[in-house]
Amino acid sequence: MLPTALWPASRRKAARGSTGVAKGVAKLLKSGADLTGAAAREGRKAARQLGRAVTAGRASAAEETTRPSGQFVEVDGLQVHYIARGKGRPVVLIHGNGTMAEDFAISGLVAQLAKRYRVIAIDRPGFGHTDRPRHRIWTADAQARLVRRVLERLAVERPVVLGHSWGTLVSLALATQAPDAVRGLVLLSGYYYSTRRADVAMITPLALPVVGDAARSLVPSALGHLLAPQVFRHVFRPQAIPASFQARFPVGLSIHPTQARASAEDTASMNAAAALLRPHYRGLRVPLAILSGDADAIVDPAGQSCRLHEEVVGSTLTLLPGLGHMIHYAAKPQIVRAVDAVMATDGKRLKWA
């Protein structure tokens with residue numbers, strides 16, 4: 001779940017908005033200016049790294065970041081991008097906020113799982129190469145319904161669904177909608193209970209139609225590129241940013257106006273999504289593996305993963321010592337073992353207290 005208050009914005013302009021929201025936007029922009037100054041004071045190294053993408057003749061690399069690495073399937077008029085690898089029983093990967101399906105490939109998790117399973121990583125609406133039509137409200141429940149339709153079109157039956165961060169909300173919504181259609185869940189670094197979060201308060205104005213477009217349009221793309229290393233360091237903390245991520249993650253695509261809007265909307269709605277799902281936790285009757293780094297700087301593992309484990313009978317909990325939010329980079333063997341364990345429970349009679 002990447003913090004989204006730092007993402008730049010769409011070029012769309014709006015003519016008007018309420019005074020109260022305008023003040024909130026002004027504060028947000030001032031905060032962005034403060035962050036810009038802080039990033040600049042860190043030194044010229046980050047600026048040189050960012051500048052190379054433009055000044056060192058890397059136009060072809062920039063084009064590469066926007067080239068789909070997978071395939072598309074049309075569902076209800078929406079072109080959904082997905083990455084598919086391997087053969088065998090299906091495992092579906094649902095990414096977090098501010099990122100995309102490609103993140104699972106860059107981490108190496110897709111390759112590891114594809115050695116024994118059919119792996120499908122899906123770009124959620126507005127992320128990566130999947131659009132986010134404005135005529136729909138893309139709640140976690142709505143996104144889960146879209147994932148179900150995608151799986152139907154791809155003839156994927158009873159997968160193990162693996163969600164990371166915000167993607168855990170979609171995974172849980174999928175299991176509550178159609179528990180018989182899911183073999184089990186593997187949840188990584190998840191957010192399951194509503195809390196007071198500063199990023200939600202900051203990002204809410206950017207999630208509003210018209211006003212959010214206007215506010216985001218005032219933030220230049222260069223600012224997003226400048227702040228990206230700072231954001232990534234925070235997300236991976238206490239681990240260093242992996243070399244594979246630095247070399248391959250498509251920053252330009254991640255700060256595209258459509259993804260900036262999607263990130264803002266998902267951040268603003270995550271407390272509501274968690275609140276709507278919470279009544280279903282005790283009734284979950286699918287194999288469930290919960291994994292989290294005990295040094296996660298984005299989501300508190302004690303208040304989220306540990307709490308969910310206590311509430312869902314039959315679930316397993318793995319706390320990974322010293323790891324942060326992006327555990328799919330640092331703990332692939334543990335994650336693959338969790339998928340194997342959930343897959344192995346299929347067909348066995350589980351005892352529910």
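Start with helix α13, residues 257–277. This helix has 21 residues and reaches 29 Å from its first C-alpha to its last, close to the 30 Å expected at 1.5 Å a residue. Now select S269. Here α13 bends by about 45°. Keep in mind throughout that this is a predicted model.

**The sheet**

Next, colour the strands. Eight of them form an open sheet with mixed pairing, in the order β1-β2-β4-β3-β5-β6-β7-β8. Go to the edges: β1 and β8 (316–320) stand there, each with a single partner strand, so one side of each is left without a neighbour in the sheet. Look along the sheet for its twist, which averages 20° from one strand to the next.

Zoom in on β1, residues 71–75, and β2, residues 78–85. Their pairing is antiparallel, over five bridges. Select V75; L78 in β2 stands opposite. Which residue in the turn has a positive phi? Pick D76: its phi is about 50°. The turn belongs to a hairpin formed by β1 and β2, with two residues between the strands.

Move on to β5 (residues 160–164) and β6 (residues 184–188). These strands run parallel and are joined by five bridges.

Show helix α16, residues 332–344. This helix packs on the sheet and touches β3, β5, β6, β7 (288–293) and β8. Its direction makes about 160° with that of β6.

Stay with α16 and select K332, which is placed in this helix. What else does K332 touch, leaving out residues up to four places away in sequence? Show S107, G108, L109 and I327; K332 touches these as well as Q112.

Then turn to helix α6, residues 140–153. It lies across β1, β2, β3 (90–94) and β4 (118–122). Its direction runs at about 110° to β1.

**The cavity**

How many cavities of 30 Å³ or more does the structure hold? The count is one. The largest cavity has a volume of about 30 Å³. To find the spot, select V80, I122, D123, R124, P125, L146, V147 and V150, which line the largest cavity. Helix α6 gives the most to this lining, with three residues.

**Backbone stops**

Select A155, in the loop between α6 and β5. Its phi is near 60°, a positive value in a residue other than glycine.

Finally, select R237 and P238. What kind of peptide bond joins R237 and P238? The bond is cis, with omega of about 10°. For orientation, P238 lies in the loop between α10 (221–236) and α11 (243–248).

Terms used
Residues are numbered from 1 along each chain as its sequence is written. This is a predicted model: local features need pLDDT of at least 70, side-chain atom pairs count only at pLDDT 80 or more; totals for chains, interfaces and linings use all residues. Side-chain values use heavy atoms; hydrogens and water are left out. Two strands pair if DSSP finds at least two bridges between them. Helices (H or I, at least four residues) and strands (E, at least two) are DSSP runs, numbered from the N terminus. Axes are lines fitted to C-alpha atoms, for helices over the stretch in contact, and angles run from 0 to 180 degrees between N-to-C directions. Contact means heavy atoms within 4.5 Å. The expected span of a helix is 1.5 Å times one less than its number of residues. The bend at a residue is the angle between axes fitted to the seven residues ending there and the seven starting there. On a 1 Å grid over the protein atoms alone, a cavity is a set of points where a 1.4 Å probe fits but cannot get out, and a pocket is an open set with protein on both sides within 12 Å along at least five of seven lines; lining residues have an atom within 4 Å of a point. Grid points are joined across faces, edges and corners, and a volume is the space filled by probe spheres set on the points.
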